[in-house]
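Morning, everyone. Please have the sequence and the structure open while I talk.

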Amino acid sequence: MDNEREAGRGMQRYFVAPEQMTGTAVTLTGEDARHLGTVMRAKPGDTFIACDGRGRDVLAKVAAVGRDTIEAVAVRPLTSSAEMAWKVTVAQSLPKGDKLETVIQKGTEAGAYAFQPFLSRRTVVQYDDRKEAKRLERWRKIAKEAAEQSHRSVVPDVRPVCGWKELIRSMAGYDAVIFCYEEEGRAGNGLRSALSGFRSGRDPDRGPPSVLLVVGPEGGFAPEEAEEAAAAGAVPAGLGKRILRTETAALYALACIAYESGELGGEPSA
């Protein structure tokens, strides 16, 4: 934790609950406190980056080190530019095994704003709502750790699993809904056209747009679901000429959105 780290290069980054980061007081607890205190051997005077998960970053200086708690003082605010220009919520139909963990981890690194797991007609997972709390806790931990690793200022919200009808109703709350549908890809109606149309038609003064990216399960969406989504205002779009795995589709689309929003060069639209 030398002068190089003081400048922010290689400095440890930790997310702190907003209520533990008020004014100039910063309190690190649990695993993060043990990591900083035991693994990193922090001592009073050392610094780290503290984030409240909502976009506030500060350079924090350690004041006291305890076994499971580290008290620190915010020295100065830090500016972060790690968030996407568009707030993209990935709605992912529950896949088999631990594939959703991959979507959350890599999707967080790619810039997703939130994740909404849902059940659709062809979902093959036998969903057990009795285990939801434990699974949701694990998913949120994965998002937090991925956000720390990728130096983000916001921890994506991982929402409880919802049903198809609930997802349809939620579509009205977004500026745009992209419905990933392989039949559109076969017809030549790709994601680029959908994103370009949205970008050219929105008011740049409204701030970062909210986008819902809807990805189906291993067996894809049923035709009836595509019709229901379109009726709710979703824009169907294909993801190229190849058939992607469900855990690949969201990451592929996020990369396309990052490009279209200007993050990878050119003029951003937000």
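This is a predicted model: local features need pLDDT of at least 70, side-chain atom pairs count only at pLDDT 80 or more; totals for chains, interfaces and linings use all residues.

Start with helix 4, residues 132–149. Helix 4 has 18 residues, and the distance from its first C-alpha to its last is 26 Å, close to the 26 Å expected at 1.5 Å a residue. Just past the end of helix 4 sits His 151, with a positive phi of about 60 degrees.

Which residues of helix 4 are buried? They are Glu 132, Leu 136, Trp 139, Ile 142, Ala 143, Ala 146, Ala 147 and Glu 148. The cover over these buried residues includes three strands you can find on screen: strand 1 (13–15), strand 8 (114–118) and strand 9 (157–158). Helix 2 (30–39) and helix 3 (99–110) also belong to that cover.

Now the largest pocket, which holds about 720 Å³ of space. Its lining has 32 residues, and those nearest the centre are Tyr 14, Phe 15, Asp 32, Lys 144 and Glu 148. Which element gives the most to this lining? Helix 4 does, with 6 residues. Strand 1, strand 3 (25–29) and helix 2 each supply at least two. Sorted by class, the lining has 13 charged, 11 nonpolar and 8 polar residues.

Last, the second largest pocket, at about 450 Å³. Of its 27 lining residues, Tyr 181, Glu 182, Gly 220, Ile 243 and Leu 244 lie nearest the centre. Two or more lining residues come from helix 6 (182–186), and likewise from helix 9 (246–260). Helix 6 gives the most, with 4. By class, this lining has 10 nonpolar, 10 charged and 7 polar residues.

Notes: Residues are numbered from 1 along each chain as its sequence is written. Side-chain values use heavy atoms; hydrogens and water are left out. The expected span of a helix is 1.5 Å times one less than its number of residues. Buried means under 20% relative accessible area, exposed over 50%, partly exposed in between (1.4 Å probe, protein chains only). Contact means heavy atoms within 4.5 Å. On a 1 Å grid over the protein atoms alone, a cavity is a set of points where a 1.4 Å probe fits but cannot get out, and a pocket is an open set with protein on both sides within 12 Å along at least five of seven lines; lining residues have an atom within 4 Å of a point. Grid points are joined across faces, edges and corners, and a volume is the space filled by probe spheres set on the points. Ala, Val, Leu, Ile, Met, Phe, Trp, Tyr, Cys and Pro count as nonpolar, Asp, Glu, Lys and Arg as charged, and the others, Gly among them, as polar.
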